[in-house]
Every structure is written in structure tokens, then in C-alpha cells.
Amino acid sequence: MTTPQLVQITLSDEERATKTLSSHNLQAALEGLHRDGVCVITNGVDPTHLDKLNERMVPEAKTLYANPQTHRNFGSRTGNIQQEPVVDSSYMFEDVIANPWATAITECMLGPNPHLRFYSANTAFKAEDRQPVHVDVHFDFPKMPFGLCININLVATSPENGATELWPGSHRDADPRDSDDTGVIPEIVEARRKVSPPVQPSLPKGAIIIRDFRLWHAGMPNRTDDPRVMLVTIHF
């Protein structure tokens, strides 16, 4: 058993200037998505855009978290809440909402003209408990790529502040019958762990995680005092 290494692409100056992926990086991303169900662009978003969003969204998150009526994802002990992103025009950035390099990849996975149908965020506060391993979709989904999540954390992430746990390759075997209301059935999780364990990657601010909608994943505890906001758009 070996721990998989996620495909991580670092854009060149030319790729950033032209907003176009090289054929080699595009191929690497597609291979990673087909094999692992996930790939990363390490420098795909301007950090100043993320700083501006973070300055606005963290105070809003604290207000939400203080409200006992705010929904907690997988219970109160995970410290994780759903949070709507800022839609004021001055907070709408192309590299967040319609990232050109991520879109080039989703076009190749899904076909031309992918549609953004979902824009939201979740925020991890200090906690001790993790989420169960789960899939975000609960229907008889097709055994092929049909939706891709684009995750952007507003700060650098690591296991210390709750980087998402990802299960490479699980999208190929994902079956809605393997899950219930609390996540993937534990016996199935442990069987997969023995042959293909999860990863919890440390990534810099500005990184983009592209993951297949069918991929197993889990929110992990943020052990710091600083809330960690993660944006998500979904392409179909």
C-alpha cells in the first residue's frame, strides 16, 4: 500500500499571462481527474482577491456561528457551517467564479460550455470532531464524470486548520448504495483504507482543488483559533 500523490500543477508565467493551460499541464490534470478524481492548481487565484473575501467573510461567519439556528454540517461538534459567499460586484472575481484554467479542465472532462450551477462556501471553526467520509450526491448517479467541484480556500491550508480529507480513486467505485444518512458505510471505508488511504494535502493560498462530484471526502477538524473559509463552485 502506498499513499497516493495528487497531481499538482503550478502555472508558468506564460500560462498566467495568456490564461491558457499548456497541453502538458492540461493532460496531467485530466489524467489526475480520471485516475484520482482530483487535481490541484497551486497558484490559480490572486491572493489579494482571497484576502479581500476573507476580511469580509470571516466576520460574517462568526455572526452565523454564534446563532444557534445556523445549520451545522454533520452536527455541532465538527465546527463546520454552510455560509453563502459575497455576491456584491466588488467581491466577484473572474479567477474565483470562472477560473480560466479550471474551466479549461472542466470543458475537457464534461464537454464544451460547462455551466456553473452552484456557488457557496463552508467554514470550519475550531473543533475536535471530524466529518464522516461521504459523497455530496445521493441518487443513482452515472459511472462517468457529470459534475466537478472547484474548491478554493481563502487561506493556506494544512491538517492543522482543517484541510479536506480526500480519497483518491474512490469516484471510480462510488455507489449510492454504499452510503446512508451518516456517510459511507464504515466497513466499506475501512476496506478501502487498506488498499488506497486518504490524503489531507497542505496547499498554499491561491490553490484550486478540482474534484469529481462522486469522490469520497470529509471535513476535518480545524485545530486553530482562526476560521477557515472554503469556497465552492460546481460545474455541470
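Modeller: The structure holds 14 salt bridges, where a salt bridge is a side-chain nitrogen of Lys or Arg within 4 Å of a carboxyl oxygen of Asp or Glu. This is a predicted model, in which local features need pLDDT of at least 70 and side-chain atom pairs count only at pLDDT 80 or more, while totals for chains, interfaces and linings use all residues. Residues are numbered from 1 along each chain as its sequence is written, and side-chain values use heavy atoms, with hydrogens and water left out.

Colleague: Why is the pair of E94 and K19 called a salt bridge?

Modeller: The closest N and O atoms of E94 and K19 are 2.8 Å apart, and because the limit is 4 Å, the pair is called a salt bridge. E94 lies in helix α4 (residues 94-97) and K19 in the loop between α1 (13-18) and α2 (23-36), so the pair ties together parts that are 75 residues apart in sequence. Helices (H or I, at least four residues) and strands (E, at least two) are DSSP runs, numbered from the N terminus.

Colleague: What makes E94 count as partly exposed?

Modeller: Buried means under 20% relative accessible area, exposed over 50%, and partly exposed in between (1.4 Å probe, protein chains only). E94 has 46% relative accessibility, so E94 counts as partly exposed, and K19, at 43%, is also put in the partly exposed class.

Colleague: How do you know that E128 and R223 meet in a salt bridge, and where do they lie?

Modeller: Their side chains come to 2.9 Å, N to O, and because that is within 4 Å, the term salt bridge applies. This pair links distant parts of the chain, with E128 in the loop between β4 (116-124) and β5 (148-153) and R223 in the loop between β10 (217-218) and β11 (228-235), 95 residues apart. E128 has a relative accessible area of 56% and is therefore exposed, whereas R223, at 39%, counts as partly exposed.

Colleague: What makes R211 buried, and which residue forms a salt bridge with R211?

Modeller: R211 has a relative accessible area of 5%, and because buried means under 20%, R211 is buried. D136 forms the salt bridge with R211, the closest N and O atoms being 2.9 Å apart. D136 sits in the loop between β4 and β5 and R211 in strand β9 (residues 208-212), 75 residues apart, and D136 itself is partly exposed at 33%. Elsewhere, salt bridges that share partners join R56, E60 and D88 into one network.

Colleague: Why is the link between T42 and T10 called a polar contact?

Modeller: A polar contact is a pair of N or O atoms within 3.5 Å; within protein, one must be able to donate a hydrogen and the other to accept it, and residues adjacent in sequence count only if both atoms are side-chain atoms. The side chains of T42 and T10 are joined at 2.8 Å, so the distance lies within that limit. T42 is found in the loop between β2 (38-41) and α3 (47-66), and with a relative accessible area of 11% T42 is buried.

Colleague: How do you know that the rings of Y65 and F125 are stacked?

Modeller: A search of the whole structure finds seven aromatic pairs. Rings of Phe, Tyr and Trp (its six-membered ring) pair if their centres lie within 6.5 Å, and planes under 30 degrees apart count as stacked, over 60 as edge-to-face and the rest as tilted. Y65 and F125 are 4.0 Å apart, centre to centre, with 10° between the planes, so they form a pair and it is stacked. Y65 lies in helix α3 and F125 in the loop between β4 and β5, 60 residues apart; Y65 is partly exposed at 24%, while F125 is buried at 9%.
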